[in-house]
Amino acid sequence: MTRQGHRNRHRPHHPRTTTATATLTALILLVGSGAALADDDPSAPPGSTTTSPPPEVDSNSPGLKLADGATLAPAKVLDIKSVVEDLGGEERREDTNTDVKFALQAEVLFPKDSAKLNPDANARIKAIAEEAEAQKATDVRVFGFTDNLGSYGHGKKLSRERAEAVHDRLASYLGPEVTYAVRGYSEDYPIADNGSEEGRKKNRRVEVSFPRGATGTDSGSTESTESTG
């Protein structure tokens, strides 16, 4: 994968673990939309920010002990996120009480610099489709990402083509009632440090997410959406 440009967002790299499970506090409530996505991308991937109103908090409550002159910070909606990553980081799963997201490294899905699915990709995508069915998901988001090597434009094209390839395979397993949001974000929104090959490998990925069903298994979902071809 070769690209350069837009090297302005780097996130700290988290050590790889064998079935490493971390419970994190994250601000992540996902919202779906039924209309087609616009051509221009939003400042953050759809569903990555909350739209739920924060709870009302009485700053005069006797249970709140504030120092003299102190003020209460604005209330926020927080969600508990469980993150599980397999050995090698090839597959990453994030669960919240509302959604689940799968992130698959590009190397386990595609040959280098290609958007053609390899033979091993089918079993992984089928397993995600089965989870979506278990959650009765009708809205699925498929987002592609790359590292920060090479041109931003090439990464945009490649990440979109890879997302479309995963979408096409998912659609072959899921029913016609499912709608999709398909996007390529190039090197935007990295989940690891692009300063090392290990981090870049994690950033070259396709994410599939959908909302958790009311009667689903202990998995989740992530999003709603639209199809863009």
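# Exercises on strands, helices and burial

Read along the sequence, this chain follows the pattern β-β-β-β-α-β-α-β-α-β, where helices (H or I, at least four residues) and strands (E, at least two) are DSSP runs, numbered from the N terminus. The model is predicted: local features need pLDDT of at least 70, side-chain atom pairs count only at pLDDT 80 or more, and totals for chains, interfaces and linings use all residues. Residues are numbered from 1 along each chain as its sequence is written, and side-chain values use heavy atoms, with hydrogens and water left out.

## Exercise 1: the whole chain

State how many helices and strands the chain has, and what percentage of its residues count as buried.

Solution. Step one: the secondary structure comes to three helices and seven strands. Step two: 44% of the 229 residues count as buried, a term that means under 20% relative accessible area, whereas exposed means over 50% and partly exposed lies in between (1.4 Å probe, protein chains only).

## Exercise 2: Glu-94 and its surroundings

Locate Glu-94, classify its burial and describe its surroundings.

Solution. Step one: Glu-94 lies in strand β3, which covers residues 91-95. Step two: Glu-94 counts as buried because its relative accessibility is 10%. Step three: leaving out residues up to four places away in sequence, Glu-94 touches Lys-81, Ser-82, Val-83, Asp-99, Val-100 and Lys-101; contact means heavy atoms within 4.5 Å. Step four: the side chains of Glu-94 and Arg-92 are joined by a polar contact of 3.0 Å. Such a contact is a pair of N or O atoms within 3.5 Å; within protein, one must be able to donate a hydrogen and the other to accept it, and residues adjacent in sequence count only if both atoms are side-chain atoms.

## Exercise 3: the partners of strand β4

Determine which strands pair with β4, and in which sense.

Solution. Step one: β3 and β4 run antiparallel and are joined by five bridges; two strands pair if DSSP finds at least two bridges between them. Step two: these strands form a hairpin with three residues between them, and Glu-94 stands opposite Lys-101 in β4. Step three: β4 also pairs with strand β7 (residues 205-211) in the antiparallel sense, over seven bridges. In β7, Pro-211 is the bridge partner of Asp-99. Step four: strand β4 (residues 99-105) is mostly covered, with seven of its seven residues buried. Asp-99, Lys-101, Ala-103 and Gln-105 are buried on one side, and Val-100, Phe-102 and Leu-104 on the other.

## Exercise 4: two packed helices

Describe how helices α1 and α2 pack.

Solution. Step one: helix α1 (residues 121-134) and helix α2 (residues 152-173) pack at an angle of about 55 degrees, with their axes 9 Å apart; axes are lines fitted to C-alpha atoms, for helices over the stretch in contact, and angles run from 0 to 180 degrees between N-to-C directions. Step two: α1 is therefore oblique to α2, since angles under 35 degrees count as roughly parallel, over 145 as roughly antiparallel, 65 to 115 as roughly perpendicular and the rest as oblique. Step three: residues making the contact include Ile-125 and Ala-129 of α1 and Val-166 and Leu-170 of α2.
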